[in-house]
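Q: Could we go through this model together, one topic at a time?

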Amino acid sequence: MELTDIWFVAITVLWVGYFVLEGFDFGVGMLLPVMARNETERRVMINTIGPVWDGNEVWLITAGGATFAAFPEWYASLFSGFYLPLLLILLALIVRGVAFEYRAKRDSMTWRRRWDACIVAGSFAPALLWGIAFANIVRGVKLDARHEYVGAFWDLLNPYALLGGLTTLALCATHGAVFLALKTTGEISGRAAVLALRTGVAAAVLAVAFLTWTQIQGGTLGTVILSAVAVLSFAAALGAVAKGRQGWAFLLSAVAIGVTVISLFAVLYPNVLPSTVNPAYSLTVENAAATPKTLGIMTWVAVIFLPLVLLYQSWTYWVFRRRIGVGDIPAHH
């Protein structure tokens, strides 16, 4: 296997980690006004992701950095063609991060409600826009012979991409509800399980439609099998929720999202950004890659530091593994 292939796989793994981990805290943020009935319950929901949400974003930063270093042509074409959607995602993530830190700075219900709205919007927008972006990457965009995007912003809002956005939105909402059912106690956990089943049905329908469309466009036997595994895992997750087995439900939901991401990258390979103008203009793992020396240095850096990052993040989840409920929130707060 060439270094270019290794780094394509590495970037796939980074995006799998991002969507699985950031996916559930996007879901929790979106469900804040739906699930919580009072300020105490809102604090419980926020506290479930409070220790981990910023660590989950490390996967995005690392994926972006790896793409920039390993496939600079891919990175350049993405940021020129997807400039507005990526800017909106960045702004949403900034607003969301500030909201987590500032909502408790003043003892005012109006103040907290406004920051809560920022959390909801800052979770909703990336969950939708990432799906639109990745659907366009898989489908292909208007690249010319110089690998520059020559389409308009509205070209990115095609039916396939919009379906991809709705799919990631519904999957994140369901994943977040499953996480809340696992991480909380009492009424919140029960309501989260019920909501997970309701949103899960919609997410399953959207996912089946999106994955089927993807396979029709450019799937192989291997990607069809991956898509089937993703759908079956998600169905099993909903079954586990119905039986009250939240741990298995969350694990299966994570598998479903992870395998879905893998299937999209498998459909994409060996391209990294297909051209709908002329297939010869497409960016591939070969013509978009950095020099072999750069890839070699990056490989050694990854071998040394990636295990350290994984150990630290695993330790964080272990330390904050306990379930929480309304009884854990001090009344005077």
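The conversation below takes up helix packing, a helix cap and some individual residues.

Q: Before the details, what kind of model is this, and what do the values rest on?
A: This is a predicted model, in which local features need pLDDT of at least 70 and side-chain atom pairs count only at pLDDT 80 or more, while totals for chains, interfaces and linings use all residues. Residues are numbered from 1 along each chain as its sequence is written, and side-chain values use heavy atoms, with hydrogens and water left out.

Q: How do H9 and H10 pack?
A: Helix H9 (residues 159–183) packs against helix H10 (residues 186–218) at an angle of about 150°, and their axes are 7 Å apart. Helices are DSSP runs of H or I with at least four residues, numbered from the N terminus. The axes are lines fitted to C-alpha atoms over the stretch in contact, with angles from 0 to 180 degrees between N-to-C directions.

Q: Which orientation is that?
A: H9 is roughly antiparallel to H10, a term for angles over 145 degrees.

Q: And which residue classes make up the contact?
A: The contact of H9 with H10 has 21 nonpolar, 8 polar and no charged residues. Nonpolar covers Ala, Val, Leu, Ile, Met, Phe, Trp, Tyr, Cys and Pro; charged covers Asp, Glu, Lys and Arg; the others, Gly among them, are polar.

Q: Changing topic: how many residues of H3 are buried?
A: In helix H3 (residues 39–49), 9 of the 11 residues are buried, so the helix is largely enclosed by the rest of the structure. Buried means under 20% relative accessible area, exposed over 50%, and partly exposed in between, using a 1.4 Å probe and protein chains only. Among the buried residues of H3 are Glu 39, Glu 41, Arg 42 and Arg 43.

Q: Which residue caps the N-terminal end of H3?
A: Asn 38 does, with a side-chain oxygen 3.1 Å from the backbone nitrogen of Thr 40.

Q: Where is Thr 12, and is it buried or exposed?
A: Thr 12 is in helix H1 (residues 3–30) and is buried, at a relative accessible area of 8%. A polar atom of the Thr 12 side chain lies 2.8 Å from the backbone oxygen of Phe 8.

Q: What about Ser 227?
A: Ser 227 belongs to helix H11 (residues 221–242) and counts as buried at 6% relative accessibility. With residues up to four places away in sequence not counted, Ser 227 touches Leu 211, Gln 215 and Ser 263.

Conventions: Helices (H or I, at least four residues) and strands (E, at least two) are DSSP runs, numbered from the N terminus. Angles under 35 degrees count as roughly parallel, over 145 as roughly antiparallel, 65 to 115 as roughly perpendicular and the rest as oblique. A polar contact is a pair of N or O atoms within 3.5 Å; within protein, one must be able to donate a hydrogen and the other to accept it, and residues adjacent in sequence count only if both atoms are side-chain atoms. Contact means heavy atoms within 4.5 Å.
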